[in-house]
Amino acid sequence: MRTLRSGAGRRTAVRAGLLGTALALALTGAAQLATAPPAQAASLVEVSGFGSNPGGLRMSLFVPDRLAANPGVLVVVHYCTGSAQAMYNGSQFDELASQHGFIAVYPSTNRPGSCFDVSSTAAMTRDGGSDPQSIVQMVRYVQQRYTTDTSRVFVTGVSSGAMTTQLLLAEYPDVFAAGSAFAGVPATCFSTGGSAPGTSAQAGWNSDCAQGRRILTAQQWGDLARATYPGYTGTRPRVQLWHGTNDETLSFQNFTEAVKQWTNVLGVSATPASTETIGSDRTRARYGGTGTQAPLETNRLQGTSHNLPVDAAAAVAFFGLDQAAPTPTPSATPTPSVTPTPTVTPSPTVTPTPGTTPTPGTTPTPGPTPAVGGCAVTYAVNQWNTGFTANLTVRNTSSTPVDGWTLRWSFPSGQQVTQAWSSTVSQTGSQVTATNAPWNGSLPPGGSVQIGFNGSHTGTNTAPTAFTLNGVTCAVA
């Protein structure tokens with residue numbers, strides 16, 4: 001599976017990669033408990049000893065530099081062949097966590113194929129002794145060490161992670177308030193009847209489910225979901241589904257079956273309350289309500305394969321985590337009894353460019369500050385047969401701050417940018433121009449910014465060898 005960045009206005013899309021050959025934190029704010037483990041410059045930090053961990057998973061944690069008061073928690077589950085680090089590097093959720101002040105948990109499995117257990121009997125039962133239980137222990141660990149809002153816990157995942165997402169929503173409806181599944185299957189669909197954790201059946205492949213041959217009624221699907229936590233009568237989590245109609249790995253029929261399941265579990269009409277077309281290929285339907293946080297939202301991506309674009313910002317909006325971290329109310333400033341006479345600043349003198357006549361009374365709008373002295377670019381790629389994700393780190397190595405930047409480069413092999421995040425990208429032929437987003441235009445001396453994009457290639461994907469920042473040639477690391 002390939003992982004990629006996403007989001008409206010920042011990263012525009014994450015890609016869910018193929019399932020693969022194996023199975024074709026700085027502690028901030030007085031509100032936080034003193035026992036919370038510190039992140040280092042809001043990095044991904046691995047945590048051990050988070051519970052009995054029956055699934056044998058690894059836990060990584062991202063705590064942004066600035067947390068919201070009583071922050072929410074989001075679990076981000078990777079795809080087969082993936083890892084916590086790959087999902088962190090390749091998805092937008094950490095940036096959204098920094099922007100909105102929530103905590104992100106990244107589970108990881110070392111099982112052959114790096115797929116999560118959504119197949120064994122142990123995985124099909126709440127606290128049954130496999131991966132779902134381990135993931136919930138991660139959530140409990142965070143809740144015990146940070147002052148979080150226990151009513152705002154969410155889960156999202158891609159492919160194997162999307163399967164896990166739907167299973168967690170069924171088994172732990174009292175833990176998760178909502179989930180977003182990108183290219184998954186209905187809860188319990190992948191069950192193979194394997195027993196003990198650690199066996200090959202734990203991550204077993206269910207061809208009937210994968211190929212869309214498990215077709216049940218809404219009631220049957222709903223009963224299977226409810227059976228994972230017998231006797232539960234409380235509120236059920238909201239669900240967001242994404243799937244491509246040309247999914248060659250997990251048949252689009254699984255999208256249809258999941259809609260049956262969740263309309264039944266949520267007790268909403270199988271007829272959408274609203275349907276709309278977004279762009280050229282996305283059809284969004286909402287069930288049981290028409291707002292951003294409807295009980296069930298489905299997104300059908302016409303003509304899209306298993307390698308679908310994952311819109312992290314849309315998922316975060318569905319969860320309701322897209323609220324800015326609250327800021328302290330400033331103390332009131334007393335109104336002076338005497339209003340001072342303002343000092344009049346003379347209008348600046350505009351020096352005309354030779355051969356031009358300045359417009360009287362106007363001041364030219366300044367352009368980006370040149371990166372005087374130097375810059376450095378690190379270019380890293382994760383690629384597959386016809387596509388790739390590139391992540392760039394741009395560092396100001398000069399002694400002069402940069403206020404507004406433009407990065408330019410040329411593709412040597414005819415690559416084409418398809419989506420970008422943390423910058424605005426345009427391309428003419430092989431020439432690419434990336435300009436800063438509204439929030440990352442300032443680069444102090446020694447400061448850096450991370451940007452990235454998804455792209456396509458025709459079999460050769462040679463990395464660019466030269467970059468310029470505001471016209472200054474950068475060193476390539």
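Visitor: Over the face of which ring does Arg126 lie?

Guide: The model is a predicted one. In it, Arg126 lies over the face of Tyr229, 4.0 Å from the ring centre. The distance criterion is within 6 Å for CZ of Arg, and Arg238, lying over the face of Phe318 at 4.4 Å from the ring centre, is a further case.

Visitor: How many aromatic pairs are there?

Guide: The count is eleven aromatic pairs.

Visitor: Why is the pair of Tyr88 and Tyr106 called edge-to-face?

Guide: The ring centres of Tyr88 and Tyr106 are 5.8 Å apart, and a pair requires centres within 6.5 Å. Their planes stand at 85 degrees, and an angle over 60 counts as edge-to-face, so the pair of Tyr88 and Tyr106 receives that name.

Visitor: What makes this pair a tie between parts of the chain?

Guide: Tyr88 belongs to helix H1 (residues 84-90) and Tyr106 to strand S5 (residues 103-108), so the pair ties together parts 18 residues apart in sequence. Both Tyr88 and Tyr106 are buried.

Visitor: What are the distance and the angle for Phe190 and Trp205?

Guide: Phe190 and Trp205 form an edge-to-face pair, with 5.2 Å from centre to centre and 85 degrees between the planes. Phe190 and Trp205 lie in the loop between strand S7 (178-182) and helix H5 (207-210), so the pair ties together parts 15 residues apart in sequence.

Visitor: Why is Phe190 called buried?

Guide: Phe190 has 3% relative accessibility, and buried means under 20%, so Phe190 counts as buried. Trp205, at 29%, falls between 20% and 50% and is therefore partly exposed.

Visitor: Which residues do ring pairs link into a cluster?

Guide: The cluster consists of Tyr379, Trp409, Phe411 and Phe467, linked by ring pairs.

How values were computed
Residues are numbered from 1 along each chain as its sequence is written. This is a predicted model: local features need pLDDT of at least 70, side-chain atom pairs count only at pLDDT 80 or more; totals for chains, interfaces and linings use all residues. Side-chain values use heavy atoms; hydrogens and water are left out. Rings of Phe, Tyr and Trp (its six-membered ring) pair if their centres lie within 6.5 Å; planes under 30 degrees apart count as stacked, over 60 as edge-to-face and the rest as tilted. Helices (H or I, at least four residues) and strands (E, at least two) are DSSP runs, numbered from the N terminus. Buried means under 20% relative accessible area, exposed over 50%, partly exposed in between (1.4 Å probe, protein chains only). A charge sits over a ring if NZ of Lys or CZ of Arg is within 6 Å of the ring centre and within 35 degrees of the ring normal.
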